[in-house]
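Trainee: I have a new structure to read. Could you take me through it, one feature at a time?

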Amino acid sequence: MTLVEDYLRIVALLLPKGQRDDIVAELRDTVLTRIEARESELDRPLTEVETEALLREVGHPLVVAARYRGGAQQVVGPTLYPYWAFGVKIAVTIQLALSALVFVVHAFSGGDVATAFGHAFYAAFDGIITVVGFATLAVWFIERQRVRVDYLDRWRVRDLRVLEFAAWDLDAFGDWIARLTHRRSATPANDLSPYRASRGRERAGRALGGLVGCCVTLLWWVGALHFGFTGLNDLRGMGIDPGPLAQIDLIHFKAVLFWPVLAYLALVISRYLLVVVGALSTMAEGLFYVASGAALLALVTWIWRASPFGPFVRLDGLAAAVKLMDQHHSADVLLAPLLSVGLICTALGALGGIVHGLWLVVRSPLGERDFDGR
Amino acid sequence: MGAEGDLYESLRMELRRGSLTLGVLVRLREERYGYTLRQALAADGLEMEESTLYPLLRRLETQGLLLSEWREEDRRKKRFYRLSPDGVAMLERLLDEWRRISASLDKIIEP
């Protein structure tokens, strides 16, 4: 009976410690009873092959032990699977789109097409594995900690606009373009205009989309995701001339900004998470807006006044850059003015966020203090 | 026919799943150990793998519906199961529910 004892020893190792002896004793009795019944039918002892076949009928030790263990037996359960699948779809789409963009930029800026494809493929593959891994880890943690995500019970129809992306195919993309250009009316299946709120997609739907985007940005910032960009010279392929900005040490620049940007992303992700789980009051959301707006404004101010980019994006630097462009008769767009405009818009957006946040804080004691922000 | 056969098996398993627990509780109105319980259920037409039956028995015992004790029989220690008082009460409730479901289905099938 060495075969049987070997089998039971392995099963025992996989069982919870407190129940091990009890379960193994019962299994031993079961297996031996079956062997005796089979031997009685055959009127002879079982061979080793027949005994092994019988043990195979009882089941693989991993499967047998798992049946005695309580708790979740899956990494992503049926309740959270649709949300996991949606989040992964969005993140993978962003990763693929950015990798495709990088490939096009490298290929059209005079680089070797095969090398550019290789880099883009590696970046896409690596990024997708990372995103799926992190998403799975997050859901695994939620399932086992029994964190109740409020959104699962309190979603509303007007929050569902963000799910349009989940159903996108070429026809839906064509309809979207048509609606934008007003060439023809949308097909009935894609016409959600009755549900279009005047303020666009509603709070929880925006938060979910923003959460996924911020998580992808965070993973890129900490180096877990790569899109294949090697430097500002990559932009030449898109007709953007970085000019003197190409000389800036981006590695040092990122090192200086690493923790401030990480803190900012963590703040924004926290706000989105709290909105999705429905745990953010209007006042708290206002305070988040003020804090993140102030952080973003501080960041822009530092880039404008004290960073290596500062001399080139400030208005006096812009005039010199335009003069340089005239002298070289370059057909490319200069990066510096684009950055200037981008920084100004970001600063205005940050100021707007602060004002919006203050408004929410002031308003909250006067209106209902509901956790849906309505 | 393969795909249809698989679909039938899958739906058949879903239909049987709830009835197995009821069958086990009914059969344990009298004391049995695992092997004889499995044989009795098989004779009733409710075949069940050991890998399904034994964890089910443990779960029912943890839920307070069964009692068990080890006894020596035929020179080997065997674990005997029977319904607990809570198990008897639960079985009666489940049988009432089973009869209600059965009556409803009979009405639907043969109006």
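Mentor: Let us begin with a helix. What covers the buried residues of α3(A)? The cover includes α1 (2–14), α2 (20–42) and α4 (61–68) of chain A, together with α3 (50–62) of chain B. Keep in mind that this is a predicted model.

Trainee: Which residues of helix α3 of chain A are buried?

Mentor: The general idea comes before the case. An α-helix has 3.6 residues a turn, so residues three or four places apart point the same way. Now the case. Helix α3 of chain A spans residues 48–58, and its buried residues are Thr51(A), Leu54(A), Leu55(A) and Val58(A). Viewed down the axis of α3(A), the buried residues fall within an arc of 100°, so they line one face of the helix.

Trainee: Which residues are exposed on the other side of α3(A)?

Mentor: Val49(A) and Arg56(A) are exposed there. Look also at what follows the helix. After α3(A) comes Gly59(A), with a positive phi near 130°.

Trainee: Next, charged pairs. How many salt bridges are there over all chains?

Mentor: Side chains of opposite charge can pair when their charged atoms come close. Over all chains, the count comes to 23 salt bridges. Take Arg38(A) and Glu57(A), whose side chains meet in a salt bridge at 3.4 Å, N to O. The pair links distant parts of the chain: Arg38(A) is in helix α2 of chain A, Glu57(A) is in helix α3 of chain A, and they are 19 residues apart.

Trainee: Are Arg38(A) and Glu57(A) buried, exposed or partly exposed?

Mentor: Arg38(A) counts as partly exposed, at 27% relative accessibility. Glu57(A) is partly exposed too, with a relative accessible area of 39%. Now look at Glu50(A) and Arg44(A). They form a salt bridge, with the closest N and O atoms 2.8 Å apart. Glu50(A) is partly exposed at 25%, and Arg44(A) is partly exposed at 35%.

Trainee: On to the interface. How many residues does the contact take from each chain?

Mentor: It takes 15 residues from chain B and 16 residues from chain A. The area buried between the two chains is about 1,500 Å², and carbon and sulfur atoms give 47% of that. Three residues of chain B stand out. Tyr54(B), Arg58(B) and Arg76(B) supply 38% of the area that chain B buries against chain A, more than any other three residues.

Trainee: How many salt bridges cross the interface of chain B and chain A?

Mentor: There are six across that interface. In one salt bridge, the side chains of Arg58(B) and Glu26(A) meet at 3.2 Å, N to O. Arg58(B) lies in helix α3 of chain B and Glu26(A) in helix α2 of chain A, so the pair joins two chains. Both Arg58(B) and Glu26(A) are buried.

Trainee: What is linked with Arg58(B) and Glu26(A) in a network of salt bridges?

Mentor: The network also holds Asp22(A), Glu61(B) and Arg79(B). Find the salt bridge between Arg79(B) and Asp22(A): the closest N and O atoms are 2.3 Å apart.

Trainee: Now strands. What is the bridge partner of Trp70(B) in β3(B)?

Mentor: In a regular strand the side chains alternate between the two faces of the sheet. The partner of Trp70(B) is Arg79(B). Strand β2 (residues 66–73) and strand β3 (residues 76–83) of chain B run antiparallel, joined by eight bridges. They form a hairpin with two residues between them, and Asp74(B) in the turn has a positive phi of about 55°.

Trainee: Is Arg32(B) buried or exposed?

Mentor: Arg32(B) is buried, with a relative accessible area of 13%. This residue is found in strand β1 (residues 32–33) of chain B. Beyond its neighbours within four places in sequence, Arg32(B) is in contact with residues including Arg79(B), Phe80(B) and Tyr81(B).

Trainee: Last topic: confidence. What is the mean pLDDT of chain A?

Mentor: The mean is 76, and 72% of the residues of chain A reach 70 or more. Where pLDDT is low, the predicted coordinates should not be read in detail. In chain A, pLDDT stays under 50 over residues 194–201. The value also stays under 50 over residues 366–374 of chain A.

Note on methods:
Residues are numbered from 1 along each chain as its sequence is written. Chains are lettered from A and ligands numbered from 1 in the order in which they are written. This is a predicted model: local features need pLDDT of at least 70, side-chain atom pairs count only at pLDDT 80 or more; totals for chains, interfaces and linings use all residues. Side-chain values use heavy atoms; hydrogens and water are left out. Buried means under 20% relative accessible area, exposed over 50%, partly exposed in between (1.4 Å probe, protein chains only). Helices (H or I, at least four residues) and strands (E, at least two) are DSSP runs, numbered from the N terminus. The arc is that of the directions from the helix axis to the C-beta atoms. Contact means heavy atoms within 4.5 Å. A salt bridge is a side-chain nitrogen of Lys or Arg within 4 Å of a carboxyl oxygen of Asp or Glu. pLDDT is the predictor's confidence in each residue, from 0 to 100. Two strands pair if DSSP finds at least two bridges between them. Buried area is the accessible area (1.4 Å probe) that two parts lose on being put together, summed over both.
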